[in-house]
Amino acid sequence: MPYPSDLTDEQWDLLEHVFNAPGKRGRRHADDLRSVLDAMLSIAQTGCQWRYLPESFGPWTRVWSQLRR
C-alpha cells in the first residue's frame with residue numbers, strides 16, 4: 001500500500017547509489033532499504049510514534065535501528 005510520503009521511482013533512482021555504496025566495514029543497511037527510507041519519511045511527515053508505525057513497513061525496531069546508524 002503506497003503512502004503519500006513514499007519515494008517515487010525517480011527519486012529512488014537518484015538516491016539508490018548513495019545508500020548502496022560499499023562501506024569500509026561491510027554491509028551497513030537493511031536489504032530492503034527503500035522500504036526503510038519510506039518508513040522514515042512516513043514518521044517524519046506524520047509525526048506518529050515509532051511503536052505505531054504501520055506493519056506494512058516491517059518491525060518498527062528495524063527501521064529505528066537503521067535510522068540510528
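Arginine 62 lies in helix 3, which spans residues 60–68. Keep in mind that this is a predicted model.

**Exercise 1.** Work out whether arginine 62 is buried, partly exposed or exposed.

*Solution.* Start with the relative accessible area of arginine 62, which is 24%. Next, recall the cut-offs: buried means under 20% and exposed means over 50%, with partly exposed in between. Arginine 62 is therefore partly exposed.

**Exercise 2.** Find the residue whose side chain meets arginine 62 in a salt bridge, and say where that partner sits.

*Solution.* The partner is aspartate 32, at 3.1 Å from N to O. Arginine 62 is in helix 3, while aspartate 32 is in the loop between helix 1 and helix 2, so the pair links distant parts of the chain, 30 residues apart. Aspartate 32 is partly exposed too, with a relative accessible area of 36%.

**Exercise 3.** The model has 2 salt bridges. Describe the one formed by arginine 34.

*Solution.* First, the partner: the side chain of arginine 34 meets that of aspartate 9, at 3.0 Å from N to O. Then, the location: arginine 34 lies in helix 2 and aspartate 9 in helix 1 (residues 9–19), so this pair ties together parts that are 25 residues apart in sequence.

Definitions and conventions: Residues numbered from 1 in each chain as written. Predicted model: local features only at pLDDT ≥ 70, side-chain atom pairs only at ≥ 80, totals over all residues. Heavy atoms only, no water. Helix = DSSP H or I, 4+ residues; strand = E, 2+ residues; numbered from the N terminus. Buried < 20%, exposed > 50% of the residue type's maximum accessible area, 1.4 Å probe, protein only. Salt bridge = Lys/Arg side-chain N within 4 Å of Asp/Glu carboxyl O.
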